[in-house]
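Work through the exercises below with the sequence and the structure at hand. Each task is followed by a solution in steps.

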Amino acid sequence: MTKNNINSIPKLQNTIFIGAWSGWSDATKVATRTIREIISQSSAKKFFSIPPEEFYDFSQNRPSVKNNDDGKREIKWPSNNFYYIKTKKGSRDIILFLGVEPNYKWQTYTNLIYDIAKSLNTEIFVTLGALLDSVPHTRKPKISCTTTSEDIFNIYTKSYKSKLKDDEKNKYFNQVIYSPPSYEGPCGLTSVLGQKFDENDIDTISIWGHAPHYLQIPHNPTLTFTVLKELSKFLDLNIDLEQLEVEADEFRSNLEKALEDQKDIQIYIKKLEERFDSEEHTNWLNRTNSEPAQIVKDLEDFLKKERES
């Protein structure tokens, strides 16, 4: 596909760009599965692909080969595909991006994505990701959300605090709030892209899921369900979460059976639960009694402790 394909698509307005990349930022394939779920349930149409040749070390990101029904062999290279969804009048149009974190030329790659997004009137840039973390699978899945948009920050922080004042502590345990990004340390492509859009005055949002590090699994449907449900706040689409929720319930049930006789793991999970519940209680007290600036400071202190430990 050439850039001429970009000029052939309908004019997009008030666009929200949502991207996910396999690799370092896609633990248990949560981020890329979220994008695939939207594509499969919508009228998303592919309109451009980034040629992979200059961005990948194919000894690290290897192509794959398969046999087609006609008996011919097909090589599949690392792909980076853009899709668009033209929504009803008055709603935000959507660009979806599904790619692979490159090995080379991150700045060139970033500029290419930015130029296409800018040409299609992107106003909000969303990155999805997932990381392995010391969280128990027996608690509500944890997600972290950051934004450079003051409007989004105010809406989701203030609404969170107002709900908590209604004495609904248990209901809103783990409720997501949006904070300005404060992480410092080694970063992935999503951070580089976020910086590029931010410095060009395009609001950015990052939604990351936290996957239990002790589960060696190819996919975590419970976390994917949670990320997709959170992302749906920003989309005027009818996303059916029922099938994914069924998959998540089956996953939890099978996991409990698999761990029944694993006494050492059960003891470890119990310790994680105690730590998780303690941190959530502290966070809840901070969110009910602190101003947004204090919430951000608490988050920075927590991340600093995590890096030092």
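The model is predicted, so local features need pLDDT of at least 70, side-chain atom pairs count only at pLDDT 80 or more, and totals for chains, interfaces and linings use all residues. Residues are numbered from 1 along each chain as its sequence is written, and side-chain values use heavy atoms, with hydrogens and water left out.

**Exercise 1. State how many helices and strands the protein has, and what share of its residues is buried.**

Step 1. Helices (H or I, at least four residues) and strands (E, at least two) are DSSP runs, numbered from the N terminus. The protein has 10 helices and 10 strands.

Step 2. Buried means under 20% relative accessible area, exposed over 50%, and partly exposed in between (1.4 Å probe, protein chains only). Of the 309 residues, 46% are buried.

**Exercise 2. Find the residues with the most contacts inside the largest nonpolar core, and the elements that supply at least two residues of this core.**

Step 1. A nonpolar core is a set of buried Ala, Val, Leu, Ile, Met, Phe, Trp, Tyr and Cys residues joined through side-chain atoms within 4.5 Å. The largest one has 36 residues, and Ile18, Leu96, Leu128 and Ile207 have the most contacts inside it.

Step 2. The elements that each supply at least two residues of this core include strand 1 (15-22), helix 2 (30-41), strand 7 (122-133) and strand 10 (203-212).

Step 3. Another core, of 28 residues, lies apart from it; Phe17, Ile95, Phe97 and Ile116 are among its members.

Step 4. Contact means heavy atoms within 4.5 Å. Beyond its neighbours within four places in sequence, Ile207 touches several residues, including Leu128, Cys145, Tyr178 and Phe234.

**Exercise 3. Classify the aromatic pairs Phe48 and Phe82, and Phe125 and Phe197.**

Step 1. Rings of Phe, Tyr and Trp (its six-membered ring) pair if their centres lie within 6.5 Å; planes under 30 degrees apart count as stacked, over 60 as edge-to-face and the rest as tilted. The structure holds 16 such pairs.

Step 2. Phe48 and Phe82 lie 5.8 Å apart, centre to centre, with 40° between the planes, and the pair is tilted. Phe48 belongs to strand 2 (residues 45-49) and Phe82 to strand 5, 34 residues apart. Both Phe48 and Phe82 are buried.

Step 3. For Phe125 and Phe197 the centres are 3.8 Å apart and the planes are at 5°, so this pair is stacked. Phe125 is in strand 7 and Phe197 in helix 6 (residues 189-199), 72 residues apart. Both Phe125 and Phe197 are buried.

**Exercise 4. Locate the partners of the salt bridges Lys88 with Asp236, Glu273 with Arg139, and Arg252 with Asp249.**

Step 1. A salt bridge is a side-chain nitrogen of Lys or Arg within 4 Å of a carboxyl oxygen of Asp or Glu. The whole structure has 10 of them.

Step 2. In the bridge of Lys88 and Asp236, the closest N and O atoms are 3.8 Å apart. Lys88 sits in the loop between strand 5 and strand 6, and Asp236 in the loop between helix 7 and helix 8 (242-258). Lys88 is exposed at 58% relative accessible area, while Asp236 is partly exposed at 38%.

Step 3. Glu273 and Arg139 form a bridge of 3.6 Å, N to O. Glu273 is in helix 9 (residues 263-289), and Arg139 is in the loop between strand 7 and strand 8. Glu273 is buried at 11% relative accessible area, while Arg139 is partly exposed at 29%.

Step 4. Arg252 and Asp249 form a bridge of 2.2 Å, N to O. Arg252 and Asp249 are 3 residues apart in helix 8, so about one helical turn separates them.
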